[in-house]
Amino acid sequence: MNSHELFANTPPRKLFFFAALPGAVSMLASALYQLFDGMFVGKFLGSTPFAALNLAMPFVIINFALADLIGVGSSVPISIHLGRHEDEEASNYFTCASILIVLAGVAVGAAIYAAAPLMISLMGAEGEFAALAVDYLRVYGLCSPVTTIIFAVDNFLRICGKTRGSMFLNIFMSILSVALEAFFLLVLRLGIAGAALGTCLGMAITAVVAYIPFFRGKMLLRFRRPRFSRAMIGKIVVSGAPNFLNNIAGRITSILMNVLLVRLGGEIAVSIYGVLMYVEGFIQPLLYGMCDSLQPAVGYNWGAGALGRVKAIEKHCFTAAAIISLISVMVIYLIPEPIARVFMKDVGAQVIADTAFALRLFGLTYITRWFSFATQSFMLAIERTGAATLISVSTALFFPVLLVAALWPLGLTGLWLNFAGTAVLASALAAAIMLRFRREWAKLTQELPADRPA
């Protein structure tokens, strides 16, 4: 089924199950390597390498942020151009975006490799703790040119209607990355650098496999002689800005949190925070994968003026996001100790109890987080990048920093409560944006031709 038929004619409920569920599974599978990364390092290398991994992780994500900006930023105009049946222009965006991502990977990777010792030292880490974090980060810097593109090609596959292909590709990447990491850790004994190398090789091999059908000309999007323009690059930057700023702002917040955690509780506090991030890394991909997989369909129908289909698709998206989030709250609340023990080795009962306490506070986040998440995705899909960026940056940076100050008297408890407080504020902001958008929606509906349903 090609993209035109899938996005324009498939009933919204069927489209949701066809696109969103494989998308959620796909993103979850791609995130599992991070989960196993933490589990392997924590269980096989010990608490100090686990803390070092979590100290370096914000910079690892920054390494992928620029590629994500280009991938997501090109996907929005590509979907809208396809909705207008401007296939040649969509293919030009695809070609130029692929080239830009590789060039960005070279530049950002080199910068991260060179600056790794300084960045880690500025966070207050010393000795073996710092050295391990630098080793882990530098592997990602070296491999950046051949790994960062994996996040963009996933979007391109879904735009071409290959949601199941995207899902199987991400499952393949997770299995390959986990196998390579286990081999480097348990057989070759390469330590924390081996953990990073296993993941990077898995990404690089998967990226090559993913691009094969594009090189063979078997997809709706095809490689063309690139035609770069300021307008095109500007649109990519503007459309990708919400995700990019969310990544950057979120990592700035993570770096700030790590600095405070080192000060308030040392390696143990950083490890507890790492557990929270790995739990988030399990839930967030489900939400992101589902909403992100529907963005091409929403953008396509928005470009085609099919507002009724846009509304129906988004109803399924918001409902499913709420269900996933509330189930997550219940699971975290009921079994926090077993979750903590998955990642922690050779720690006392008090550390497990402290981690369980932090997890229960963290779990409250998902009572409201789903609403702002789905709203941000919707705004991005219809090129309301200002609103999407406001939600993104506020959620990732402004609200957490505000709450750090407000909850500072509570110490570590205040840091664990930061996540839930941020989610409440973000949902209130998203509600205000949606109420304002209702007026624009009503105006657009009145302007529709009489034979087109709203």
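Q: What share of the accessible surface of the protein belongs to carbon and sulfur atoms?
A: This is a predicted model: local features need pLDDT of at least 70, side-chain atom pairs count only at pLDDT 80 or more, and totals for chains, interfaces and linings use all residues. Residues are numbered from 1 along each chain as its sequence is written, and side-chain values use heavy atoms, leaving out hydrogens and water. Accessible areas come from the Shrake-Rupley method with a 1.4 Å probe, and for residues only the protein chains shown count as cover. The accessible surface comes to about 18,100 Å², and the share of carbon and sulfur atoms is 68%.

Q: How many helices does the protein have?
A: Helices (H or I, at least four residues) and strands (E, at least two) are DSSP runs, numbered from the N terminus. The protein has zero strands, and its helices come to 15.

Q: What percentage of the residues of the protein count as buried?
A: Buried means under 20% relative accessible area, exposed over 50%, and partly exposed in between (1.4 Å probe, protein chains only). Of the 454 residues, the buried ones make up 57%.

Q: Which residues make side-chain polar contacts with the side chain of Asp154?
A: Asp154 lies in helix H6 (residues 150-159) and counts as buried, at 6% relative accessibility. A polar contact is a pair of N or O atoms within 3.5 Å; within protein, one must be able to donate a hydrogen and the other to accept it, and residues adjacent in sequence count only if both atoms are side-chain atoms. At 2.4 Å and 2.8 Å, the partners of the Asp154 side chain are Arg158 and Asn170.

Q: How many disulfides does a search of the whole structure find?
A: A disulfide is a pair of cysteine sulfur atoms within 2.5 Å. The sulfur of Cys143 is 4.1 Å from its closest cysteine sulfur, in Cys200, which is too far for a bond. Cys317 is in no disulfide either, with the sulfur of Cys291 3.3 Å away. The number found in the whole structure is zero.
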